Amino acid sequence: MSVSKLPGTKLSSKEMYSLPGLVESAPQAKYDFSAGPTISRFLQGLKEGKILGRKCPRCGRVYVPPRDYCEYCHVALTNWVEVPDTGTVHTAVVSYISVRRERLEKPEVIGVIRLDVPGYPPNGYEFAGLFHRLCVPPEEAMSDEVIGMKVRARWKPKEQRTGSILDIECFEPVR
Amino acid sequence: MGMVTNLFVKDRVAIVGAGITTFMRRALETPRELAWEAARMALDQAGLTLKDVDCVVIGSAPDTFDGVHLKGEYLADGSGAIRKPMTRVYVGGGTGVFVPVSAWWHVASGLCETVLAVGEEKMSPAHPHPQYVFRYIWDPIIHRPLEPNLIWIFAMEMRRYMAKCGAKKEDIALVSVKNKRNALDNPAAQVAANITVDDVLKSETLVWPVQELDISPVTDGAAALVITSENVARQVTDSPVWIEGVGFTLDNQHWENRELAFPRYLNYAARMAYRMAGIERPWKEIDVAEPYDPFDYKELHHIEGLMLARPCEAWKLLKEGYFNRDGELPTSPSGGLLGVGNPIAAAGVMKVAELFWQLRYEAGKRQVKRPVHRAVANAWGDLMQAGTVIVLGN
Amino acid sequence: MRVMSWDKHGRLHDIITWPEREEVDKYIYTPGLHGLELAKALMDGRILGMRCSDGKVYVPPKTFCPDYSQGELVEVKGPWRLQHYTVVYEDLYGNRLEKPIVVGVIKPDDADLGMIHIVNVDPSAVRQGMTLRPVFRPKEQRKGTILDIEYFEPA
Amino acid sequence: MTQGRTSTSSSTARRDLWEGIAITDEFAPEPIGGALRPTFTVPGDGLLGVAHAYMLIRSGLADVVAVEAHGKPSEIRTLQDVYYMAFDPLHVRPLPTGNPFFLAGLDAQAYMQRTGASREHLALVSVKNRSNGLKNERAPYSARLTVDDVLSAPYAVYPLTRYDIAGFSDASVTVVLASEEAARRFTDKVVWLDGIGFSTETGSGAVEWHAWGRMLSMRDAAFMAYKLAGLAGSPSESFDLAEVEDRFSFMELLSLEELMLAKEGEAHRLLEQGHFNLGGPLPVNPSGGSLAMGVHLEATGLARLLEAVLQLRGEAGPHQVKGARKAIVATWRGVPTYTSAVAVLSAG
């Protein structure tokens, strides 16, 4: 562009925090999210140690996590189906930082697990699956073998389950 | 997509001016002042004043960065919308390219003749760190309890691309090297640098395979375009840049249920835009492109989504210099988000502004070597689900 | 009339609700171009406005004018008049405040548009157009923000 | 949905901090069948989404567009703080003002001072709308009120009592717009969108530039909509009913004047004469408006639109306006914005 000096006044961190007229504001934005009937039922299932999917009466797709509507038939999903808690690793990564971007002493392995739910073409674009932790050592998670590895859900003991995604501790390899 | 070329759109729509602020980690200006600085420059470049503007379209991503709720209203007067029709549009990170896309139907519908399209983002107000805001993009009930960091989702997508396409980290790092080098010639650039692949591979590993130099920075900045009908364009400039195709698609929010190696939503958006522009072989007909590059691997991912290369081929062509400024199909000549900076909504507008200058041969030292007639830019957003595409021509 | 979809037929069984908050720890806002000059003036017990090419003076200064030109900083000295006012007795949830709060649009004679601030006066004594003056916080408590003016009071 | 050139798009109206989700448009497509289709979000009142749908269809980019808007204020535990987050962080938000609706108090006082409308007139609006609501099953705040009830209530924000301020309610409204050719395929009870208009007077960072006691954004939006609808003559004779902004009682009177349905300073006199009652020459908010139905945040404008569409299809129910052929809808986006939208509708 034919302009030599662009508008904008850059500040270093020190300069910014020493400006007169800085205003601070700690927002209070609190909510009570309702999980809605579908996800509530899904969480209920987790509490009972089951992964529940929802089946479309018209096209037969089983959705995990469950939905209210089938995206293709735009029909309300009706029947619930318990799906296997086994699957294969779609992708896996190793995190060295926390949600607040602080350094973690012990790295966390997380990924997407493609569940063994019938009705999806093997390497098709879509599948039923969950985003969750993987109980796999970091080195193994970085190796090529982890992609496609067979895994199974490791459930927390019944009395520790509260109806949350954390009722599954992680997905561990099926040796 | 059931959408044939708009043969009956009698009047074409043109970009006649572009303006941009420097991209900065911390700006003194308030968000509305940043919007004013960019929009005023765009109007000056087009030789117009605020009185000539009929409508305003504002793009700004999450309110939780600038820390102002109803941010469209907060940016209104800065974007020139005093006593004017104004709406804010929003597709997460895809907003930047979506702003000129939405401005297109403001003009093509006949509702407006001259539209000021403004993208702004000020991320520095959020403390402790703007990235913390991304804690709230996840599904609040089945994802947030896992305490995910934003970078997790990019790392998972990058890993899937590497696994599916056989691309190594050192192949992908070449994008960061290319874009940061291109940015050395961009006066707006925040993080231009001459780096090597080794520098990328030695930078701090955040969420393997993503390392520090694989990521675009947090940025404050604004960019604006003046978009008009054909007859206004003819009066204002003898080198209008036509908006020949627009496309946008949003997939559902269940990113954990789809193949992350290929952005199907972006491909649908690209087909919509190409169909409108009458383009059948984009890998041949597009001369210069600005694919969205918040992460280095994503430029490759989007090059394939935009059908500028076959799936899993982009990283091989990159190695041969195919996408360099003097290459066969230059990508991100601006320096991209990796080099210029990533003020989210303004980043997409910056990319369209770059193609505006390229197609008028006004990009100075950044001007690509080969002749240019058709260009494409895309933005991407949300949970691996939003694709916005615009096709320009001179 | 045919049944509308919002008619609830059948109770929804136990819905799990999830307490959540969406907050960054805090926001730090920079004052902006004119804001920086206003901050210095406020620390010094003075108030600035901006003169625009339409000839009007706007308070407080906002860097650019409604016609998009850059405003020119000027000091405004008043006297100040209460253009419009309201009295807040309850918060948004309907809880009664201990003391009613008078909020006004307050304009200095040497400007064309006024600013919003608190008026320290009993609601019964509020009159449209009454003359006011700004009361600044003690010098050492000032930080260059709008709160350096603690309130306006009848002159 | 036939093949060929029909492509659908949809836009939703929502706002992050209303939702508590940072990028709330992520959750937009699924419920409205928008997944993998052109879908986007217009952060603003649902009527602004209708404006985008109008442009999408007129430009030929789409034939059928679904527009959804919803508001779930019941889930927001700190609604006052969320409102203040929309205020100018430098010059207004820090002030200890006690209630974000003080801005409406300033406008109400300025409006009454300019036009001579009194507290009794504001009370009449609340009484009319809250009792209209008794005939509308979508009106949770409907009530049999008298002017004395309102006048004897204490001020919440002078000059407004709690009766003059609409409560909040959860709602979602979806409307489907189509080109004339596509519309014929779906229904024989078409309601035409003859005109749409929207405007912003000033930004929330410069509320000091607002003309106190006026709503110029609604007047500008009305000019735009009337021009598109080809309404040359005086608009006041052109409509059989109006569903207009009333989240604060004085706003109904101010809206009628800014929409040029009543001369400046005349609205409260016509109100006294019953001109705007159900059965009067120009029924205003026969549905009960926001005062009876509640404010659903960004879905409020579509709620007004919905009530007008039902009237023009003769499906409004007990509060049906006999022989309604033409309607006007107007909405303001509420505190601290100065943005309004207007739609002109007619029965097919």
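Modeller: In this predicted model, the contact between chain D and chain C takes 35 residues from chain D and 35 residues from chain C, residues being in contact if their C-beta atoms, placed from the backbone, lie within 7 Å. On the side of chain D that touches chain C, at least two residues each come from α3 (79–84), α4 (102–115) and β4 (155–157) of chain D; helices (H or I, at least four residues) and strands (E, at least two) are DSSP runs numbered from the N terminus. Among the contributors to this side, α4(D) gives the most, with six residues. By class, the side of chain D that touches chain C holds 22 nonpolar, ten polar and three charged residues. Here Ala, Val, Leu, Ile, Met, Phe, Trp, Tyr, Cys and Pro count as nonpolar, Asp, Glu, Lys and Arg as charged, and the others, Gly among them, as polar.

Residues are numbered from 1 along each chain as its sequence is written, while chains are lettered from A and ligands numbered from 1 in the order in which they are written. Because the model is predicted, local features need pLDDT of at least 70 and side-chain atom pairs count only at pLDDT 80 or more, whereas totals for chains, interfaces and linings use all residues.

An automatic or database assignment sets the domain bounds, giving domain 1 (7–78 + 171–190) and domain 2 (96–166 + 193–347) of chain D. Taken over C-alpha atoms, the centres of domain 1 of chain D and domain 2 of chain D are 23 Å apart. To their contact, domain 1 of chain D brings 22 residues and domain 2 of chain D brings 19 residues. On the side of domain 1 of chain D that touches domain 2 of chain D, α2 (46–58), β3 (64–71) and β6 (171–178) of chain D give two or more residues. It is α2(D) that gives the most to this side of domain 1 of chain D, with six residues. The residues of this side of domain 1 of chain D comprise 13 nonpolar, five polar and four charged.

Two peptide bonds of chain C deserve attention. The bond from Val59(C) to Pro60(C) is cis, with omega near -5°, and Pro60(C) sits in the loop between β4 (57–58) and β5 (72–76) of chain C. The bond from Gly78(C) to Pro79(C) is likewise cis, with omega near 10°; Pro79(C) belongs to the loop between β5 and β6 (80–90) of chain C.

As background, most residues other than glycine have a negative phi, and most peptide bonds are trans. In chain B, Glu147(B) has a positive phi near 55° and is not a glycine; Glu147(B) lies in the loop between β5 (126–127) and α5 (150–165) of chain B. Glu147(B) counts as partly exposed because it has 16 C-beta neighbours inside 10 Å. By this count, 20 or more other C-beta atoms within 10 Å make a residue buried, 12 or fewer exposed, and numbers in between partly exposed, with C-beta atoms placed from the backbone.

Key:
Two residues are in contact if their C-beta atoms, placed from the backbone, lie within 7 Å.
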